[in-house]
Amino acid sequence: MIRLLIVEDEPRMSEALGELLRREGYEVCVCTDGQQGMLAIVDQDFDAAILDVMLPGASGFEIAAAARQAGRSLPILMLTARDAVEDKVIGLDSGADDYLIKPFDARELLARVRAMTRRVTPANAGKRYGDIVLTMDGFDLLCLHTGQSVRLTPKEAKLLDALIETDGRTITRELLAVRAYGYQDTAEYNNVEVYLTFLRRKLKFIGSGVGIKARRGLGYQIREDAGV
Ligand code: CA
């Protein structure tokens with residue numbers, strides 16, 4: 001699980017951020033005070049941090065600088081006020097990696113967080129097959145060949161995960177459904193076909209050579225070079 005630190009003093013904002021990111025599957029720690037945030041970023045192992053600039057106790061810049069001084073290389077997203085160009089300059093100097101100007105769209109924030117955490121996830125930390133990597137949180141599918149990525153739904157991710165585990169061996173639809181979803185349900189057997197269609201489309205979209213072949217009467221087989 002990817003661990004995120006959020007330092008934001010405005011209660012409604014920090015709550016909303018925490019909730020949004022937890023719902024996306026991140027483990028989230030929220031600090032509402034600058035000093036507290038500084039201690040957390042230095043002492044604990046986070047994969048990424050989201051820092052508000054204006055905070056009681058210590059500013060977002062000071063927190064970022066403290067993290068770098070302590071040798072922490074985690075990516076840092078800074079939340080700055082609109083038009084605070086000066087903030088960006090100071091922020092860069094203090095060690096921030098990216099900015100988001102308030103007010104921001106939730107989708108924009110999620111996209112930035114995904115991009116940041118993808119950078120800290122080495123290709124071999126996810127599950128790898130052929131030219132694809134299913135990232136640690138299990139929902140981002142990345143093609144190492146093209147650098148393109150796409151978000152998977154939990155159902156698609158579980159199915160792909162189960163297919164990768166077969167390491168290219170043919171698997172029946174029933175067994176695939178059980179391994180992916182953990183229970184036996186005829187409705188799920190039928191849905192497998194639908195999710196596979198989405199998965200194939202997404203593999204194609206990111207330009208991967210990996211494909212999922214249907215083998216008549218036998219089941220399915222994941223192939224490294226199916227698209228070639
Ligand atoms: Ca603030």
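Analyst: In this predicted model, a residue is called buried when its relative accessible area is under 20%, exposed when that area is over 50%, and partly exposed in between.

User: Why is Tyr181 called buried?

Analyst: Tyr181 has a relative accessible area of 10%. The limit for the buried class is under 20%, so Tyr181 belongs to that class.

User: How many aromatic pairs does the structure hold, and what makes the geometry of Tyr181 and Tyr195 count as stacked or edge-to-face?

Analyst: The structure holds 1 aromatic pair. The ring centres of Tyr181 and Tyr195 are 6.1 Å apart, and their planes stand at 65°. Pairing requires centres within 6.5 Å, and an angle over 60 degrees counts as edge-to-face; the two tyrosines therefore form an edge-to-face pair.

User: Which parts of the chain does this pair tie together, and is Tyr195 buried or exposed?

Analyst: Tyr181 belongs to helix 7 (residues 173-181) and Tyr195 to helix 8 (residues 186-205), so the pair joins parts that lie 14 residues apart in sequence. Tyr195 has a relative accessible area of 16% and is buried, because the limit is under 20%.

User: What makes Lys155 a charge over the ring of Tyr181, and where does the charged end of Arg3 sit?

Analyst: Lys155 lies over the face of Tyr181, at 4.7 Å from the ring centre. The charged end of Arg3 sits over the ring of Phe46, 4.6 Å from the centre of that ring. The distance criterion is within 6 Å of the ring centre; both the Lys155 value and the Arg3 value meet it.

User: Which accessibility classes do Asp9 and Met54 fall into?

Analyst: Asp9 has a relative accessible area of 30% and is partly exposed. Met54, with 67%, is exposed, because that class begins over 50%.

User: How do you know that the span of helix 6 agrees with its number of residues?

Analyst: Helix 6 (residues 154-166) has 13 residues, which at 1.5 Å a residue should span 18 Å. Its end C-alpha atoms are 19 Å apart, in agreement with that expectation. Among its buried residues are Leu159, Leu160, Leu163 and Ile164.

User: Where is Pro103 found, and what is the form of the peptide bond from Lys102 to Pro103?

Analyst: Pro103 is in the loop between strand 5 (98-102) and helix 5 (106-120). The bond from Lys102 to Pro103 has an omega near -5° and is cis.

User: Why is Val113 called buried, and which residues does Val113 touch?

Analyst: Val113, in helix 5, has a relative accessible area of 0% and is therefore buried. Leaving aside residues up to four places away in sequence, Val113 touches Leu4, Leu21, Tyr26 and Ile50. Val113 and Leu21 are 92 residues apart in sequence, with their C-alpha atoms 9.1 Å apart.

User: Why is Gly130 assigned to its accessibility class?

Analyst: Gly130 has a relative accessibility of 23% and counts as partly exposed, because this value falls between the limits of 20% and 50%. Gly130 lies in the loop between strand 6 (127-129) and strand 7 (132-134). Beyond residues up to four places away in sequence, its contacts are Val210 and Glu224.

User: How many helices and strands does the protein chain have, and what share of its residues counts as buried?

Analyst: The protein chain has 8 helices and 11 strands. Of its 228 residues, 46% count as buried.

Technical notes:
Residues numbered from 1 in each chain as written. Predicted model: local features only at pLDDT ≥ 70, side-chain atom pairs only at ≥ 80, totals over all residues. Heavy atoms only, no water. Helix = DSSP H or I, 4+ residues; strand = E, 2+ residues; numbered from the N terminus. Expected span 1.5 Å × (residues − 1). Buried < 20%, exposed > 50% of the residue type's maximum accessible area, 1.4 Å probe, protein only. Phe/Tyr/Trp six-rings, centres within 6.5 Å; stacked < 30°, edge-to-face > 60°. Lys NZ or Arg CZ within 6 Å of the ring centre and 35° of its normal. Contact = heavy atoms within 4.5 Å.
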